[in-house]
Amino acid sequence: MERHIRFSDEDAALVLLDQRYLPACEDDYYCHTVENIIYALQTMVVRGAPAIGVTAAYGCWIAAKEVAGSEDWKKELEAKLEEIAEARPTAVNLRWGVERMKALWESSQAETLEALMDIWLEEAKIIHKEDIEICKQIGVHGASVIDDGDTVMTHCNAGALATAGYGTALGVVRGAVDAGKKDISVIANETRPFLQGARLTAYELKEDGIPVSVACDNACGLLMRRGMVDKVVVGADRVAANGDAVNKIGTYSVALLAKAHNVPFYVAAPLSTIDRNMPDGDSTPIEDRTPLEVTHVGETQITPDDVPVFNFAFDPTPNELIAGIVTEVGVLRPPFAESIKKAFEEQGK
Ligand code: MRU
């Protein structure tokens, strides 16, 4: 599935499959302005760390389009880029996407806005294409941690919809299937409150014909106790320098249960999700989203009026609970501070 993020030359717009309403409706959302881009990011029309990195890259081009004709376009453009980078705080790929475009602006020394826009559109398309290739490499390496007959539990959606295509955690599952592993199936935790697992993971795996069942988040302990889960593979919004992985709220609980039941717990993420400037997971900013996502199911309010709720969107999983981090350059193993450093050094980064 790669139709969920596309650039329309005809409309000069980024066209996103609106993930808020999947699987019930397959509607497109058109981003013509920076306001549209920020709305799409914040309301999760588009979501998932690599997908929002790709969106940020196209967003820079849209920002450039918006400042055309202004005398002070460089200053205005910088301000718009910062607004995009700050749209959501946890996934490092958002700022990564913007910073990569800014670095190109500097190195290209483009003097006119028109020249910059040409360079940026090409770069956004490269980032878009690269992300699919990176996910496929994650799949190639990830296949080695999956055995015939495995039932893989995942939390949230780290699939094609969360990336430019193929997915990270679901890339590992797809990689195993593509490598010819037999009888692979997935348990998708429903992932309250936005239901990325129930809606999105189930939707895309069903479309691919990979067997998938949905479980309530709080069934995880029982499923593991009954031996119904062989591996856990999740994505990440940010992996810290010490290997702590910040992912969708509830991931930490799944990791603790996996440890208690001797189920290997893997994180799948591209190197662009590893933030070597972040010492550990607890230092990572955690998005605090609108209470409405918890107080309401659809249009129906399910909590009494005026009762406060917690709606933290992510949690850090300490590195000691993680068996391996599957990246496009291989499966990194503990101690992660060392394996992460080595992986970057080998890439000349
Ligand atoms: O709030 P979301 O839906 O953007 O959160 C997404 C996740 O937590 C994913 O697991 C993570 O971004 C990895 S996506 C390949």
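Helices and strands are DSSP runs, numbered from the N terminus. In this predicted model, the ligand is surrounded by 18 residues, of which R47, R88, Q196, N247 and K248 are the closest. By type, this shell comprises eight nonpolar, six polar and four charged residues. Domain 1 (5-136) and domain 2 (139-346) each contribute at least three residues to the shell. Among secondary-structure elements, α2 (49-66) and β9 (245-248) each provide at least two shell residues.

An N or O atom in the side chain of N247 lies 2.6 Å from a ligand oxygen, and for the side chain of R47 the corresponding distance is 2.8 Å. At G48, a polar backbone atom is 3.0 Å from an oxygen atom of the ligand. The ligand taken alone exposes 410 Å², and 99% of that area is buried by the protein. The space that the ligand takes up is the largest cavity.

Backbone geometry was also examined. Most residues other than glycine have a negative phi, and most peptide bonds are trans. M44, which is not a glycine, has a positive phi near 70°; M44 is located in the loop between α1 (34-42) and α2. The peptide bond from R192 to P193 is cis, with omega near 0°, and P193 is placed in the loop that runs between β5 (185-189) and α7 (196-208). P334 and P335 are likewise joined by a cis peptide bond, with omega about 0°. P335 belongs to the loop between β16 (330-332) and α11 (336-346).

Conventions
Residues numbered from 1 in each chain as written. Predicted model: local features only at pLDDT ≥ 70, side-chain atom pairs only at ≥ 80, totals over all residues. Heavy atoms only, no water. Near = heavy atom within 4 Å. Polar contact = N/O pair within 3.5 Å; in protein donor to acceptor, adjacent residues only side chain to side chain. Areas by Shrake-Rupley, 256 points an atom, 1.4 Å probe, with all protein chains shown as cover. 1 Å grid on protein atoms, 1.4 Å probe; cavity = no way out; pocket = protein on both sides within 12 Å on 5 of 7 lines; lining within 4 Å. Sits in = over half its atoms within 2 Å of the grid points. Helix = DSSP H or I, 4+ residues; strand = E, 2+ residues; numbered from the N terminus. Nonpolar A, V, L, I, M, F, W, Y, C, P; charged D, E, K, R; others polar. Domains from an automatic or database assignment.
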